[in-house]
Amino acid sequence: MAATTTSPPTDPLPTTTPAPIVTTPRILIRPWSQADAEDMHKAANNLKVARYMTLRFPSPHTLASAEEWITLTTTSAATVGKHFAICLQPEGTPVGGIGLTPPPGNGVEPRTRELGYWLGEAAWGQGLATEAVTAFTRWAFSALGPEEGLRRIDAWVFGGNEASGRVLTKAGFVLEGRRRKAGFKFGEEFDIVLYGLLREELPLPN
Ligand SMILES: CC(C)(COP(=O)(O)OP(=O)(O)OC[C@H]1O[C@@H](n2cnc3c(N)ncnc32)[C@H](O)[C@@H]1OP(=O)(O)O)[C@@H](O)C(=O)NCCC(=O)NCCS
């Protein structure tokens with residue numbers, strides 16, 4: 001009689017996509033997942049995107065860079081729950097990123113966070129960044145409520161990045177100042193422009 005063999009059970013690969021923190025008609029914002037690394041790399045590996053980002057955003061943005069970022073934002077206590085993927089509805093493809101970081105330095109700004117965001121070039125010019133920044137900042141003020149006491153969101157925009165300034169203005173941010181010639185990247189110096197949004201400037205429940 002022929003012996004029957006059965007394979008030992010194997011753990012299925014994780015296929016679940018993290019639940020969104022925010023949804024709008026055209027996008028959803030959710031934690032990154034390792035399954036996003038290829039899409040992130042393809043969207044982020046573009047000098048036109050990197051040009052206006054800080055040095056935390058690598059250029060070239062390799063597949064390994066994407067994997068490292070996703071690992072950091074999904075496992076490090078300092079970054080978990082602070083950086084997210086912007087994904088198109090309904091298919092859920094990641095097309096960019098958005099997140100909040102504590103301001104560097106002086107220790108007297110515990111109620112302030114800095115906003116960062118980017119979209120791959122294929123997603124530009126459709127109002128998606130405005131939709132993402134508007135929805136994400138409303139979520140942040142609600143989620144980082146009484147305990148975390150988020151009071152203010154900063155956004156620093158490199159001079160010449162008119163599209164980003166416009167996004168922030170449309171999302172309710174106020175233009176607060178310009179640090180002349182403060183920035184230098186890719187061999188060019190530029191102003192850095194500060195936008196700010198206060199909790200009380202939004203129609204939120206207390
Ligand atoms: C900045 C960025 C997020 C904008 O994304 P987007 O989805 O194209 O933005 P939106 O479509 O929501 O809005 C862009 C606005 O800027 C305007 N705009 C675009 N290019 C412009 C330019 N060169 N000059 C003036 N306004 C410009 C658009 O007309 C639009 O305004 P409107 O709705 O009043 O017409 C995207 O270009 C990007 O990721 N850039 C690289 C990374 C980056 O700059 N991140 C932000 C760092 S602070």
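Me: Does Phe 190 count as buried or exposed?
Reply: The model shown is a predicted one. A residue is called buried if its relative accessible area is under 20%. The relative accessibility of Phe 190 is 13%, so Phe 190 counts as buried.

Me: Which kind of pair do the rings of Phe 158 and Phe 190 form?
Reply: In general, a pair of aromatic rings is described by the distance of the centres and the angle of the planes. Rings pair if their centres lie within 6.5 Å, and planes under 30 degrees apart count as stacked. The ring centres of Phe 158 and Phe 190 are 4.5 Å apart and the planes meet at 25 degrees, so the pair is stacked.

Me: Which residues are linked into a cluster by ring pairs?
Reply: The count of aromatic pairs comes to five. Ring pairs also build a cluster, and its members are Phe 84, Phe 136 and Trp 139.

Me: Which residue lies over the face of Phe 186?
Reply: Phe 186 is located in the loop between strand E7 and E8. With a relative accessibility of 47%, Phe 186 counts as partly exposed. At 4.7 Å from the centre of its ring lies Lys 185.

Me: What is the phi of Phe 186?
Reply: Most residues other than glycine have a negative phi. Phe 186 is not a glycine, yet its phi is positive, at about 50 degrees.

Me: Where is Lys 181, which has a positive phi near 55 degrees?
Reply: Lys 181 is likewise a residue other than glycine. Its relative accessible area is 52%, which makes Lys 181 exposed. The place of Lys 181 is strand E7.

Me: What is omega for the peptide bond from Gln 89 to Pro 90?
Reply: Pro 90 is found in the loop between strand E3 and strand E4. The bond from Gln 89 to Pro 90 is cis, with omega near 0 degrees.

Me: Which element gives the most residues to the shell around the ligand?
Reply: There are 23 residues around the ligand, and Gly 125 and Asn 161 are among those that come nearest. Helix H2, strand E5, helix H4, strand E6 and helix H5 each supply at least two residues of the shell. With six residues, the element that gives the most is H5.

Me: What share of the ligand's exposed area does the protein bury?
Reply: Oxygen atoms of the ligand lie 2.8 Å from a backbone N or O atom of Leu 119 and 2.7 Å from one of Gly 125. A side-chain N or O atom of Asn 161 is also 2.7 Å from a ligand oxygen. Taken alone, the ligand exposes 970 Å², and the share of this that the protein buries is 70%.

Technical notes:
Residues numbered from 1 in each chain as written. Predicted model: local features only at pLDDT ≥ 70, side-chain atom pairs only at ≥ 80, totals over all residues. Heavy atoms only, no water. Near = heavy atom within 4 Å. Polar contact = N/O pair within 3.5 Å; in protein donor to acceptor, adjacent residues only side chain to side chain. Areas by Shrake-Rupley, 256 points an atom, 1.4 Å probe, with all protein chains shown as cover. Helix = DSSP H or I, 4+ residues; strand = E, 2+ residues; numbered from the N terminus. Phe/Tyr/Trp six-rings, centres within 6.5 Å; stacked < 30°, edge-to-face > 60°. Buried < 20%, exposed > 50% of the residue type's maximum accessible area, 1.4 Å probe, protein only. Lys NZ or Arg CZ within 6 Å of the ring centre and 35° of its normal.
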